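Thanks for coming, everyone. Let me put the structure up, and then I'll talk through it.

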Amino acid sequence: MNIVDNDPRPHHYRFAHKVLADLARDLGPRMLDSEPEQGFGPGLVALWNNFGEQLPPADRLPSEGLNADLITLGRHRLLVVVLPRPAAPAEAYYAAVVQPGGADRCRYLTLELALNPFTGEPYTVLGEWADGSHLNLGPGPASDLSGFLTAVVDLLAEPEAGPTTTAHPGPPTPQDKPERRGLRRLFGR
């Protein structure tokens, strides 16, 4: 499928950025408890199709390629979702519900298609949904699963930003006379 420089397709975008993100927020670690006997594929396809039925027929997409697996990487548990191939910016290649090192909450990360506005060249962006907001975490890896998983592990290895103290500069030292440098001429006075 060709990449198009326009708005993302509603079915693809909303499924990755709304449906799955909301499930990750609402269910959290329960999504990672156990894999269904038949795998995640059939349930995920049913979720995709049921969501598609809420859209106009012209906006519905096939579920080709949609799948998911539970993965453990070191201390982290992940439900990694492979989405149908993206065709427009902001559509995701992959999504991951991540429980970092036994935390009681999960993070929801995506690897999204992006296009350079100057060259039209595709690249990826690593994104995260947190507290109802979409965060752009910067350029992502190549659009393969191993690159995405490596980026997730690297991200989890970074220390979380805690409270920081910022040194505020003191007031400027007063000058003998402020420089006026032509303000009267500038403002006609």
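First, the ground rules. This is a predicted model, so local features need pLDDT of at least 70, side-chain atom pairs count only at pLDDT 80 or more, and totals for chains, interfaces and linings use all residues. Residues are numbered from 1 along each chain as its sequence is written, and side-chain values use heavy atoms, with hydrogens and water left out.

Pockets, then. We work on a 1 Å grid over the protein atoms alone; a pocket is an open set of points where a 1.4 Å probe fits, with protein on both sides within 12 Å along at least five of seven lines, and lining residues have an atom within 4 Å of a point. Volume is the space filled by probe spheres set on the points, with grid points joined across faces, edges and corners.

The largest pocket comes to about 520 Å³. Its lining has 21 residues, and Arg105, Cys106, Trp129, Ala130 and Asp131 lie nearest the centre. Which elements supply at least two residues each? Helix H1 (10-27) and strands S4 (107-115), S5 (122-130) and S6 (133-139). Helices here are DSSP runs of H or I, at least four residues, and strands are runs of E, at least two, numbered from the N terminus. H1 gives the most to this lining, six residues. By class, the lining of the largest pocket has nine nonpolar, three polar and nine charged residues. Nonpolar is Ala, Val, Leu, Ile, Met, Phe, Trp, Tyr, Cys and Pro; charged is Asp, Glu, Lys and Arg; the others, Gly among them, are polar.

The second largest pocket is about 260 Å³. It has 15 lining residues, with Leu23, Met31, Phe40, Leu44 and Leu79 nearest its centre. H1, helix H2 (41-52) and strand S2 (76-82) each give two or more residues to that lining.

Now the cores. A nonpolar core is a set of buried Ala, Val, Leu, Ile, Met, Phe, Trp, Tyr and Cys residues joined through side-chain atoms within 4.5 Å. Buried means under 20% relative accessible area, exposed over 50%, partly exposed in between, with a 1.4 Å probe and protein chains only. The largest core has 24 residues; Phe15, Val81, Leu83, Val97 and Tyr108 touch the most other members. H1, H2, S2 and strand S3 (92-99) each give it two or more residues. H1 gives the most to this core, with six. Apart from it lies another core of 16 residues, including Leu109, Leu126, Leu149 and Val152.

Finally, the backbone. Most residues other than glycine have a negative phi. Ala90 has a positive phi of about 80 degrees. Ala90 sits in the loop between S2 and S3 and is partly exposed at 23%. Asp131 also has a positive phi, about 55 degrees. Asp131 is in the loop between S5 and S6, and is exposed at 71%. Remember that Asp131 is among the residues nearest the centre of the largest pocket.
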